[in-house]
Amino acid sequence: MSPPADQVPSGAKPSGGDSPSRFDPVRFFAGRKVLVTGGLGFIGSNVARRLVDLGARVQVVDAHIPDSGANPVNLADYADRLELFIGDLGDPATSAERVRGQEVIFNLAGNVSHIDSMQMPLMDLNANVRAQIVFLEACRYHAPDARVVYASTRQIYGRPTSLPVNEQHLLDPVDVNGVNKMAGEAYHTLYQHVYGLASISLRLTNVFGPRMRVKDARQTFLGLWLRRVVEDASFEVWGGEQLRDLTYIDDVVDAFLVAASLDVAPTQVYNLGGSPPISLFELAQRLVGIAGQGRYSVTSFPAERARIDIGDYFADDSRFRAASGWQPRVTLDQGLRQTIDFYRGILDAYL
Ligand SMILES: NC(=O)c1ccc[n+]([C@@H]2O[C@H](COP(=O)([O-])OP(=O)(O)OC[C@H]3O[C@@H](n4cnc5c(N)ncnc54)[C@H](O)[C@@H]3O)[C@@H](O)[C@H]2O)c1
């Protein structure tokens with residue numbers, strides 16, 4: 001699939017030309033056939049909803065994995081504006097059927113829980129490696145011209161040896177999830193190199209916002225913190241000195257959309273950061289301050305978590321910003337406020 005010539009941001013063009021800010025998502029996506037894998041989950045549902053609003057013809061496939069971020073509520077009010085298929089990408093027939101005829105595919109299916117990946121390494125391998133290979137094979141044979149945007153993760157860097165972390169940083173993951181996501185990303189790049197499948201990977205940092213999993217800390221510690229604050233209860237901050245950058249979901253959706261328009265020739269892999277780094281301790285203070293309720297205590301890391309903690313992390317995403325013109329539009333405080341407001345109305349549906 002080729003984007004309209006005036007829809008390709010200049011940084012992605014070998015010869016330059018248009019301003020990156022000329023990317024017009026309505027023009028790019030209206031009427032396009034788009035698949036979102038993992039679309040019942042946090043990021044996928046937000047991508048799918050935006051695409052529907054832009055006028056795309058949206059299909060969603062999701063295996064509705066228990067203990068993932070899958071939640072039918074995420075798409076319930078959009079049910080008559082998109083097609084939802086419950087199915088596992090690891091099944092070759094399902095993958096083939098779903099990718100056939102698609103022009104753009106946002107591949108957000110995967111396991112995100114680090115701790116689950118340590119307790120069930122083969123579950124993580126199935127979601128983040130095996131299903132990805134089955135999906136890529138399906139694209140190779142049934143959607144060779146589709147544009148694929150894959151959700152990779154900063155977890156593949158492991159403990160940073162220098163900050164901010166750019167794409168040249170050593171890949172040295174500290175947990176099973178990081179190893180498997182590293183493989184998943186590498187397979188996407190491989191299929192680009194060997195078969196010409198136009199895929200781009202975004203290495204996400206902590207993403208937060210409406211429709212994230214807040215039942216527990218499986219998706220991110222911040223999910224559980226948000227739940228506790230909305231319940232006016234207490235949460236634990238482990239350590240507290242660690243630095244993190246966070247990206248609000250609307251900015252992540254923006255990044256995925258523009259990534260679909262980039263030329264894959266210069267590179268297939270980009271970091272995606274967001275807000276300036278903040279310590280977990282300060283983040284907890286801000287959250288409680290903005291909510292005007294909830295409280296926290298600072299404790300030491302549980303041993304099983306300390307072993308797979310990555311310490312400080314924040315991304316250098318200048319390469320993606322230059323190529324795409326993307327920049328975050330929502331400040332950390334605005335994002336936290338919007339997320340708290342969202343869950344105040346609907347928390348029970350996420351517990
Ligand atoms: N949330 C973050 O902060 C974050 C950070 C870095 C990377 N990511 C990546 O982004 C992607 C989406 O994350 P999320 O936070 O939305 O997670 P999520 O758990 O909310 O959504 C993932 C969805 O994928 C589905 N799924 C899993 N395996 C599947 C399969 N084999 N076939 C079909 N569907 C399947 C699940 O049912 C779930 O609905 C993941 O690949 C994750 O690694 C997320």
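Asp-116 lies in helix H4, which covers residues 114-119; helices (H or I, at least four residues) and strands (E, at least two) are DSSP runs numbered from the N terminus. The model is predicted, so that local features require pLDDT of at least 70 and side-chain atom pairs count only at pLDDT 80 or more, whereas totals for chains, interfaces and linings use all residues. Residues are numbered from 1 along each chain as its sequence is written, and side-chain values use heavy atoms, with hydrogens and water left out. With a relative accessibility of 5%, Asp-116 counts as buried (buried, under 20% relative accessible area; exposed, over 50%; partly exposed, in between; 1.4 Å probe, protein chains only). Apart from neighbours within four places in sequence, Asp-116 is in contact (heavy atoms within 4.5 Å) with Pro-121, Met-123 and Arg-218.

The structure contains 22 salt bridges, a salt bridge being a side-chain nitrogen of Lys or Arg within 4 Å of a carboxyl oxygen of Asp or Glu. One of them joins the side chains of Asp-77 and Arg-49, with an N to O distance of 2.8 Å. This pair links distant parts of the chain, 28 residues apart: Asp-77 is in the loop between strand E2 (57-62) and strand E3 (83-86), and Arg-49 is in helix H2 (residues 42-53). Arg-49 is buried, at 10% relative accessible area.

A salt bridge also connects Glu-137 and Arg-140, whose closest N and O atoms are 3.0 Å apart. Because these two residues are three apart in helix H5 (residues 121-142), about one helical turn separates Glu-137 from Arg-140. Glu-137 is partly exposed, with a relative accessible area of 24%, and Arg-140 is likewise partly exposed, at 27%.

The side chains of Arg-329 and Asp-254 form a further salt bridge (2.8 Å, N to O). Arg-329 lies in the loop between helix H11 (318-324) and helix H12 (332-346), and Asp-254 in helix H8 (residues 249-259), so the pair ties together parts 75 residues apart in sequence. Arg-329 is exposed at 59% relative accessibility, whereas Asp-254 is buried at 15%. Salt bridges with shared partners join Asp-67, Asp-116, Arg-213, Asp-216 and Arg-218 into one network.

At the level of the whole fold, the protein chain has twelve helices and 13 strands. Of its 351 residues, 56% count as buried. Among contacts between residues at least 6 apart in sequence, 79% join residues at least 24 apart. Along its principal axes, the C-alpha trace spans about 50 × 40 × 40 Å.
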